[in-house]
Amino acid sequence: MDLFSTVCAVQNLWLAARAEGLGVGWVSILKEAEVKAVLGIPDPVRLVAYLCVGKVESFFATPELEQRGWRARTPIADLVFEDHWGAEAAMTRAGTPQE
């Protein structure tokens, strides 16, 4: 559960930072072994998040990676199910859900 708790803590930090007008970037393209060596993190410790936190001039209206063509946003209906995997959720049947 420590891994899941850590990820939840990162999300909470991200939401709190955004509420305070701070930007958070979760760096996902990195070489874990090299980062651990530079920071002196021992082998048994798993690197979960490498975050950049700070003041920003503005926030993007849509995710930056989507704007740059990295990947299109996945429709929420493809991610949210009701009762069991693959069963369309009521919120997606009611029309276009809030994203």
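## Pocket, salt bridges and surface

Strand 1 gives the largest share of the lining of the largest pocket, four residues. This is a predicted model.

The pocket holds about 990 Å³ of space. Its lining counts 25 residues. Nearest the centre of the largest pocket lie Trp14, Val24, Pro63, Glu64 and Leu65. Three elements each supply at least two residues of the lining: helix 1, strand 1 (22-26) and helix 3.

Helix 1 covers residues 2-19. It has 18 residues and reaches 26 Å from first C-alpha to last. That is close to the 26 Å expected at 1.5 Å a residue. Glycine 21 follows helix 1, and its phi is positive, near 80 degrees.

Aspartate 83 also has a positive phi, about 75 degrees, although it is not a glycine. Aspartate 83 sits in the loop between helix 3 (64-67) and helix 4 (90-93). Is aspartate 83 buried or exposed? Its relative accessible area is 78%, so it counts as exposed, the cut-off being over 50%.

How many salt bridges does the structure hold? There are two.

| Salt bridge | N to O distance |
|---|---|
| Arginine 68 – glutamate 64 | 2.8 Å |
| Glutamate 66 – arginine 73 | 3.5 Å |

The partners in the 2.8 Å bridge are arginine 68 and glutamate 64. Arginine 68 is exposed, at 64% relative accessibility. Glutamate 64 is partly exposed, at 32%. Glutamate 64 is also one of the residues nearest the centre of the largest pocket.

In the 3.5 Å bridge, glutamate 66 meets arginine 73. Glutamate 66 has 28% relative accessibility and counts as partly exposed. Arginine 73 is partly exposed too, at 41%.

The surface also carries a nonpolar patch. Which residues form this nonpolar patch? They are Leu30, Val38, Leu39 and Tyr50. Together they have about 380 Å² of accessible area. Tyrosine 50 lies in the loop between helix 2 (32-39) and strand 2 (51-55). At 36% relative accessibility, tyrosine 50 counts as partly exposed.

How values were computed
Residues are numbered from 1 along each chain as its sequence is written. This is a predicted model: local features need pLDDT of at least 70, side-chain atom pairs count only at pLDDT 80 or more; totals for chains, interfaces and linings use all residues. Side-chain values use heavy atoms; hydrogens and water are left out. A salt bridge is a side-chain nitrogen of Lys or Arg within 4 Å of a carboxyl oxygen of Asp or Glu. Buried means under 20% relative accessible area, exposed over 50%, partly exposed in between (1.4 Å probe, protein chains only). Patches are made of residues with over 30% relative accessible area and no salt bridge: like charges are joined within 9 Å, nonpolar side chains (Val, Leu, Ile, Met, Phe, Trp, Tyr) within 5 Å. Accessible areas come from the Shrake-Rupley method with a 1.4 Å probe; for residues, only the protein chains shown count as cover. The expected span of a helix is 1.5 Å times one less than its number of residues. On a 1 Å grid over the protein atoms alone, a cavity is a set of points where a 1.4 Å probe fits but cannot get out, and a pocket is an open set with protein on both sides within 12 Å along at least five of seven lines; lining residues have an atom within 4 Å of a point. Grid points are joined across faces, edges and corners, and a volume is the space filled by probe spheres set on the points.
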